[in-house]
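I opened a notebook page for this model. The entries below follow the order in which I looked things up.

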Amino acid sequence: MMNYNIAVIRGDGIGPEIVKEAIKALNVAAKRFGFALNYHEVLMGGCAIDATGVPLPEETIRVCKASSAVLLGAVGGPKWETLPGHLRPEAGLLGIRSALGLYANLRPAVLFDPLKDACPLKAEIVQNGLDILMVRELTGGIYFGERGRSKGERGEEAYDTERYSVMEVERIGRIGFEAAKRRSGKLTSVDKANVLESSRLWRETMHRLAKEYPEVAYDDMLVDNAAMQLVRNPARFDVVVTSNMFGDILSDEASMITGSIGMLPSASLGDGTLGLYEPIHGSAPDIAGTGSANPLATILSCAMLLRYSLNQQEAANAIERAVQLALEEGWRTADIAAGKESIGTQQMGDIVCRLIETA
Ligand code: NAD
């Protein structure tokens, strides 16, 4: 029987509540599909600051590196917001991604049919559904380039530098092409090649890569047009690959048009199979401890974990089908209930677990 080590970071706020349900779902899937999971709990974020004085203890990095995958709830909260930057919970997040060499962020933006009404776009625009995979470069570009301030002729100035190497574009580009191969075979690369030199290098590199993937229908799009097409004709996209900053903005736009932040998972990947899986939402301190958080984004993150890190495709599919079925049966947590009757975190977890057994 295959046996995997999973590092678990419950985190802060609703983190522990949603991770509990996600682990229940993983265990049901493991039992049904015949593999074993060993969980190793580690600290990161606010709870790590309280216990050890730092947001990312060395022990956490060691355990994560020795695992097949990392499952994360969410970190942060008002209690730690006044600490200096390097001691804030978010520093743990950036630190773990960099310690594990995770340079690709994959965010599916899916409009679940039973939740169509939550989509802020007109019905005719999303009549064919919405199922986009955003692939964002995570460790390069302007967020990591040289920056500074100086006194210029017009007074104080500040600058940030967008810099990409061929190697960085190639490795994120390959993740995009490989993802497109597994899906409907369509990849759009988003850049600003009409203005930026870094985007011209990005585009040249992507064109070279495209020759290696003749089975993928490839196109380029300027970022301003991409922002517009996402709300005008989102169905034209399948996989989108883009730089750190453009991806930051476009992936939030794509997730907002699905209408439900509590439903969206994410994966951060590097060169090997080790990945970090977490919901896209934060620690929701406003509802922490009320038992009302939606656990589905974290449960769907487990499906990504099974697919990308453990290569347990059937188990991943079963979890995704179970979530779909739970929605079709009409079960809703408060965030997606549109004011109608709702159930709590644990009850939603129980329902999905029941459905994983047969989905
Ligand atoms: P948030 O995503 O935590 O919450 C935004 C709104 O969405 C809140 O009203 C919240 O109640 C609701 N919400 C979020 N997830 C939900 C769920 N699963 N079920 C039901 N409702 C849900 O964003 P925020 O309020 O801006 O940030 C709160 C804290 O989380 C901050 O400390 C922030 O730094 C941190 N944060 C962490 C991560 C992460 O760990 N990756 C990401 C974003 C924000």
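Which residues does Val 240 touch, not counting residues up to four places away in sequence? I listed Ile 132, Leu 133, Met 134, Val 135, Leu 187, Thr 188 and Val 190, where contact means heavy atoms within 4.5 Å.

The model is predicted: local features need pLDDT of at least 70, side-chain atom pairs count only at pLDDT 80 or more, and totals for chains, interfaces and linings use all residues. Residues are numbered from 1 along each chain as its sequence is written, and side-chain values use heavy atoms, with hydrogens and water left out.

I placed Val 240 in strand S10 (strands are DSSP runs of E, at least two residues, and helices runs of H or I, at least four, numbered from the N terminus). Val 240 has a relative accessible area of 3%, so I logged this residue as buried (under 20% relative accessible area, 1.4 Å probe, protein chains only). Its C-alpha is 7.2 Å from that of Gly 176, at a sequence separation of 64 residues.

Gly 176 is one of the buried residues of H5. The buried residues of H5 pack against several elements, including strand S10 (239–242) and helix H6 (197–210).

Next I checked the ligand. I found an oxygen atom of the ligand 2.5 Å from an N or O atom in the side chain of Glu 90. A ligand nitrogen atom is 3.1 Å from an N or O atom in the side chain of His 281. A polar backbone atom of Ala 284 is 2.8 Å from an oxygen atom of the ligand.

Definitions and conventions:
Polar contact = N/O pair within 3.5 Å; in protein donor to acceptor, adjacent residues only side chain to side chain. Buried < 20%, exposed > 50% of the residue type's maximum accessible area, 1.4 Å probe, protein only.
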